[in-house]
Each structure stands twice: as C-alpha cells, then as structure tokens.
Amino acid sequence: MDFKQHLYDTVKEWELKIGYQKEAMQLYYPKESLQDLLGAEEGQLASALEKVTEELQSELGKLYISKLEDNRFCIRIPSEGVEYIHTNIATSPFLKAFLEMIVLPNTTLDDIEKLFYQFSSQVNIQKVEESARGFWFQDETIDPYVYYIEQEEFGIQYHRFTRSEYKKNM
C-alpha cells in the first residue's frame, strides 16, 4: 500500500458514499499514517511529501498540504484532481457492494461475512469482540484494506485500515 493508492481509494470511497462532485476535497492523515504510506522515517516526512506531490501533480494538479496542531496533516486535492480520479480510476466492485450493504436496515456481521465470501473463498476474519470483527481478503487485488466492523443497536459501523495500521491498532 502506498500513498497514491490510498489517496485514490479514499476519494473513490467518498464518491461512492456521497456522490461525485467536481470540487476540491480535503483528506486528513495522522503523521504516523503518512510516514507509513510514504515509507518515510522520522524527520523525512516533509521531503517525502514534497516528492510525492511533484510526482502526482500531472494527474491531480497541485496538492496543498498543511500540518495541523494535533499532529495531523490536511491534504487538499484540487477539483481537477478529484475529476481525474473520478474519470480514470475504476470503482472497486467489492467496495461498492460493501457500502450498499452496510446502509441496509438489519444488516448483520454474518451478512458482511457472506459478502466477503462472495468475492473470495480466502477471507481472514478476526473476532475482536462479540459485536466486532476485522475482515480482509488474502488476495489484496480484490481489496487491500482491513475492515473493522462493529454491529451496534443502530446498525453497522466500519473503519477501513491499511493492514499495517490495523496491526498497530489491534
């Protein structure tokens, strides 16, 4: 998993959730997540961000990056970058089906498990609590993320992690 893929995947995720708008988008990353996605050691983050923004400029336009007081960074993708991703990056069939399922009333963890198995017979499931599981595909080409799913009284909640983030948090 690298920064470019994560950035593109996150924009596509939001596009599926709220629809496409040709407007700038702001994404927020903790410092540690950016270091991991960029392969940057402590003290190298600024130069790694500068390098990746130069590499992505031909596709996304000028990315604006600001450091926030709480050790997070705001990455602002201009409207032409959001349009590039909308036009040129395919929507994940799994993510589309997943987001359609979790908004259905009465969706359960068992339903989520069945959905994963519709896309592959090789699924990892980690029971974290009685009402929470981590799900991911062994084959990262289907979807490279770990989905931490919680079943609450008001429905399904999820968090999507890179595999390394999930290992650090669980």
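This is a predicted model: local features need pLDDT of at least 70, side-chain atom pairs count only at pLDDT 80 or more; totals for chains, interfaces and linings use all residues.
Trainee: Where do tyrosine 8 and tyrosine 84 sit in the chain?

Mentor: Tyrosine 8 is in helix 1 (residues 3-18) and tyrosine 84 in helix 4 (residues 79-88). They are 76 residues apart, so this pair links distant parts of the chain.

Trainee: And tyrosine 147 with tyrosine 158, why is that pair called tilted?

Mentor: The planes of tyrosine 147 and tyrosine 158 stand at 35 degrees, with the ring centres 6.3 Å apart, so the pair is tilted. Tyrosine 147 belongs to strand 6 and tyrosine 158 to strand 7, so parts 11 residues apart in sequence are tied together.

Trainee: Are those two buried or exposed?

Mentor: Tyrosine 147 and tyrosine 158 are both buried. They also belong to one aromatic cluster, along with Phe94, Phe98, Phe116, Phe119, Phe135 and Phe137.

Trainee: Switching to the sheet: what is the strand order?

Mentor: It's an open sheet of 4 strands in the order 4-5-6-7, with antiparallel pairing. Strand 4 (123-129) and strand 7 (155-161) are at the edges with a single partner strand each, so one side of each has no neighbour in the sheet. On average, neighbouring strands of this sheet are turned by 20 degrees against each other, direction ignored.

Trainee: How many bridges do strand 6 and strand 7 have?

Mentor: Strand 6 (residues 146-152) and strand 7 pair over 7 bridges, in the antiparallel sense. The two form a hairpin with 2 residues between them. Glutamate 150 stands opposite glutamine 157 in strand 7, and glutamate 152 faces glycine 155 there.

Trainee: And strand 5 with strand 6, over how many bridges?

Mentor: That antiparallel pairing of strand 5 and strand 6 runs over 4 bridges. Glycine 134 has tyrosine 148 in strand 6 as its bridge partner.

Trainee: Which strands does helix 5 lie across?

Mentor: Helix 5 (residues 93-102) lies across strand 5 (132-137), strand 6 and strand 7, at about 150 degrees to strand 7. Helix 6 (residues 109-119) packs on the sheet too, touching strand 4, strand 5, strand 6 and strand 7. The direction of helix 6 makes about 5 degrees with that of strand 5.

Trainee: New topic, charges over rings. What sits over the ring of tyrosine 145?

Mentor: The charged end of arginine 160 does, 4.0 Å from the ring centre. Likewise, the charged end of lysine 17 sits over the ring of tryptophan 14, at 4.4 Å from its centre.

Trainee: Last one: where does valine 52 lie, and which residues beyond its neighbours within four places in sequence is it in contact with?

Mentor: Valine 52 lies in helix 3 (residues 45-60) and counts as buried at 8% relative accessibility. Leaving aside neighbours within four places in sequence, valine 52 is in contact with Phe3 and Leu38. From glutamine 122, valine 52 is 70 residues apart in sequence and 33 Å apart in space, C-alpha to C-alpha.

Key. Residues are numbered from 1 along each chain as its sequence is written. Side-chain values use heavy atoms; hydrogens and water are left out. Two strands pair if DSSP finds at least two bridges between them. Axes are lines fitted to C-alpha atoms, for helices over the stretch in contact, and angles run from 0 to 180 degrees between N-to-C directions. Contact means heavy atoms within 4.5 Å. Rings of Phe, Tyr and Trp (its six-membered ring) pair if their centres lie within 6.5 Å; planes under 30 degrees apart count as stacked, over 60 as edge-to-face and the rest as tilted. Buried means under 20% relative accessible area, exposed over 50%, partly exposed in between (1.4 Å probe, protein chains only). A charge sits over a ring if NZ of Lys or CZ of Arg is within 6 Å of the ring centre and within 35 degrees of the ring normal.
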